[in-house]
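Hi everyone, thanks for coming. Let me put the structure up on the screen, and then I'll walk you through it.

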Amino acid sequence: MDWEIVIGLETHAQLSTRSKIFSGASTDFGSTPNTQACAVDIALPGVLPVLNVDAVDKAVRFGIAVGATVNRRSVFARKNYFYPDLPKGYQISQFEIPVVEGGQLVIQTGGVEKTVHLTRAHLEEDAGKSLHEDYQGMTGIDLNRAGTPLLEIVTEPDMRSAEEAVEYAKTLHALVRWIDICDGNMQEGSFRCDANVSVRKKGSDQLGTRREIKNLNSFRFLQQAIEYEAQWQIEQIEDGGRIVQATVLFDPDSGQTRLMRTKEDAHDYRYFPDPDLLPLEIDDAWLERTRQNMPELPVARRQRYQTELGLSDQDAVLLVSDRDTADYFEATLSKVEGNDRRAAAKLTANWINGELAAALNRAELELQASPVSAAALAGLVSRVIDKTLSSKLAKDVFEGLWKGEGSADEIIDKRGLRQISDSGAIEKLVDDVIAANEQQVADYLGGKQKAFNALVGQVMKASKGKANPAQVNQILKQKLDKS
Amino acid sequence: MIDSSLRALSDKLAAREISSVELTRAYLARIDAHNAAVNAYITVDPEASLAQAEAADKRIAKGEAQPLTGIPIAHKDIWCARDWRTTCGSRMLENFRAPYDAHVIQRFNDSGAVNLGKTNMDEFAMGSSNETSWFGPVRNPWDQQRVPGGSSGGSAAAVAAAMAPAATGTDTGGSIRQPASLCGISGLKPTYGLVSRYGMIAFASSLDQGGPLARSAEDLALLLDVMVGFDPRDSTSLERPEEDYSRMLDAPLSGLRIGLPREYFSEGISDEVRAAVETAIGEYRKLGATTVEVGLPASELSVPAYYVIAPAEASSNLSRYDGVRYGFRAEEYTDLLDMYCKTRAQGFGAEVKRRILIGTYVLSHGYYDAYYLKAQKIRRLIARDFAQAFEQCDVIMSPTSPSTAFGIGDRTTDPVQMYLSDIFTIAANLAGLPGMSIPCGIDSAGLPIGLQLIGNYFSEARMLNAAHLFQTNTDWHTRKSPVAAS
């Protein structure tokens, strides 16, 4: 029987504000436990929350970026449950009226575009951390994370495979970094997903009963967890069982999901509007101000690269995969010399997506930490365009740039890599080679094409690789044919 | 000295006729003599109080005094005060020392006032008789077999027993006005949002409002000048131009329109209370005021609406007392759930548990619409009633409480009867309006009767004016309880 997998994702993106969503404490990661928890964060008697406007601004940016409705009035609500790392005994979240409603994200899988619709995105605070290791029989509580701002982004059940879910998560991950609302650091938990997975027979328009996989903090785990869970559900049903709505956890070691709780023992969170906070009002001016401050979004940039600069779809997609790369591309291109901008763009894209990406990858560096600046790369590309450098020599110059030996021009001079395009100089080299290789000249004249290539190689060798190969070809041919 | 008004004390301090240390010692001596009987204070710390008094004397000597510099003030034990034990009347916080000052405490400290001690109260401000305190009931200085009212019963009793010249309180459903009435003193609950709730231990956040208790409206005005002020740490705090609440105390009352809600003069009021309130209104007519009957039809729903909204908010506000980070934790438990259950079973008293249960119930899935949402609708209706009434009048008057002080233990077995003690005061909290109680008579048992004034939003200065002129022309507010006279 043919099964269809149905997936919806809930993503918690930690908003990159300096202070917490309802207190002035710092949000820095990795500090000594409980040193970044102020009176509000540890819920002392009498303390009150005050909303961090920067967190709201970041939620608004997200709303604009995904074409959603930014609600002019939204409401903070209390989600009540007891847990030791939840100091107030409730989490401040948004329930009935979230700050962002609707919107969509376009993803690409296997060259096919698909639109994933968003249900909502709401602001809430993170809880602290319970530390079960290192405390024999006890639990340690670290409240540094308590009160960290989160944007919970919820999709419709629009995805149909683990690949689509991963592609959505990656696209969302790139977007939140692009618009500078989340650092996207998955190891530190700044971006984590819950996946709602159900299965149904192909052709059915009824949704199956879903199970929610909690807290997936890598794309690989997301993929593995969904694949395992879907297969498990299919087997259950095929074996005559039925799916019970539940929350499950993914164990990366076994690659399996296991039951955490069923709907029967789910909490009744007793949501109600938080009386300590006024409804969040966002006026036109605020919305407009934020709109003005938005960067050009990846989709718009990609289109511009293709239509204005003539880049291929593949090049453009790679360049807009994150904002650092796109910005680096534009910074480089703006400094590349030459009148043919399309050619300059193509060559710049090749260098960034090719040599630079490979070098960064080998060195395990992010683009921001690249030893080759945009200006330096532009110097290199300019010398390739004006034919000072052959592509082979350019690679040597790139190596020099990477090692910090100076600008492209300095390296060319220092290493003597300037391409020899002076006909007189090349003619002299050719003459010398012809004189010294009588046998090969004779072979060529006797019709052996291979001998010609060997002679070209001799000339290039004599020039230490610097002779313009096209010119060498031309001059050698002329001279041999004349002789 | 003990009988002087705050203004007179302020003048004597400024003239160096008395020192703050002398004044503070005098009140500490009164506390020492009478607290065993009245139980108005949970914590006194003479060393800390006298250190503040000494600092105040230096400040006065330098000529940098403000009106309340050097004057001892008692604080309801709901306000966090740095290094002071802050219990909220509960075993849960029996040994909790606040590491920070509430906004109100900070403002009193900045003004140079002396913290005289922390007063007894119903546990987490839940009660109308001060009998729910973990630290034992407060006794009414007029009759020690009777309650002082609640929840600011310790503050009211302290002032009525001359164990403090003035005190702070909080009012969620009448907790300043009802004890003021039962103890024969003056008390004011300001417009919601005027006094910061930062550092005030929350009961029902949308209703809680701090305010002063004192012997006269004139004193209340001085206290209000210090207590009111914008605080960015409280999102419900209102940013308003600074006011001098004494500025119109003596303005003539001619033209003042008094609204008399017919629903507040119906059945359930004791005859003596009704008579005293009617006499007081007669006094106002003599002073040039006119009266008009107004209707507050939704107010009969105020008690049920209140007992949905307040417990709902409380059930959530009190979740932080879980034994994890501070406060009481049960000694023996088997696991996390057991720790929660035993800690909260042993740490909270019966009334607090009752309200947590009610609040949890009304917020539960399937009941939320029927209870919580409906109560919020009633709340809006009540506010609308008042808005209409204030088109016809400037201030609404009624009894503060349907009866005078009742006996200790009389109503503890019947929560509904207890809840009805606040039947006339609750509506002002639901609407966020300012409310006041001033003494207006003594019943045949020798117990004080209170007159309630409810004003429109931000009309505190006018209410104080109305109360002050009444007190200028009557002497009910100068009557002394037996303890104060001893």
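How many helices and strands does the secondary structure of chain B come to? It comes to 16 helices and eleven strands, where helices (H or I, at least four residues) and strands (E, at least two) are DSSP runs numbered from the N terminus.

Some housekeeping. This is a predicted model, in which local features need pLDDT of at least 70 and side-chain atom pairs count only at pLDDT 80 or more, while totals for chains, interfaces and linings use all residues. Residues are numbered from 1 along each chain as its sequence is written, and chains are lettered from A and ligands numbered from 1 in the order in which they are written.

Let's stay with chain B. Its C-alpha atoms fill a box of roughly 65 × 55 × 45 Å along the principal axes.

Now zoom in on strand 9 of chain B, residues 395-399, where five of five residues are buried. Strand 7 (residues 257-261) of chain B runs parallel to strand 9 and is joined to it by two bridges; strands pair if DSSP finds at least two bridges between them. Strand 11 (residues 448-455) of chain B runs antiparallel to strand 9, with five bridges. Have a look at Val395(B): Ile258(B) stands opposite it, and so does Gly455(B) in strand 11.

Next, the contact between the chains. It takes 35 residues from chain B and 24 residues from chain A, with contact meaning C-beta atoms, placed from the backbone, within 7 Å. On the chain B side, helix 9 gives the most, with three residues. That side divides into 17 nonpolar, eleven polar and seven charged residues. For the classes, Ala, Val, Leu, Ile, Met, Phe, Trp, Tyr, Cys and Pro count as nonpolar, Asp, Glu, Lys and Arg as charged, and the others, Gly among them, as polar.

Over to chain A. Its domain assignment, automatic or from a database, gives domain 1 (3-289), domain 2 (296-415) and domain 3 (423-482). The centres of domains 1 and 2 of chain A, taken over C-alpha atoms, are separated by 37 Å. Each of these two domains puts six residues into their contact.

Which residues touch the most other members of the largest nonpolar core? Ala165(A) and Ala195(A) do, in a core of 230 residues. Such a core is a set of buried Ala, Val, Leu, Ile, Met, Phe, Trp, Tyr and Cys residues joined through C-beta atoms within 7 Å. Helix 2 (residues 162-178) of chain A gives the most to this core, with nine residues. Among the residues that Ala165(A) touches are Ile7(A), Met159(A) and Leu222(A).

Last stop: Ser321(A), in the loop between helix 6 (313-319) and helix 7 (323-335) of chain A. Buried or partly exposed? Ser321(A) is partly exposed, because it has 17 other C-beta atoms within 10 Å.

Conventions:
Buried ≥ 20, exposed ≤ 12 C-beta atoms within 10 Å, placed from the backbone. Lists of a residue's contacts leave out its neighbours within four places in sequence.
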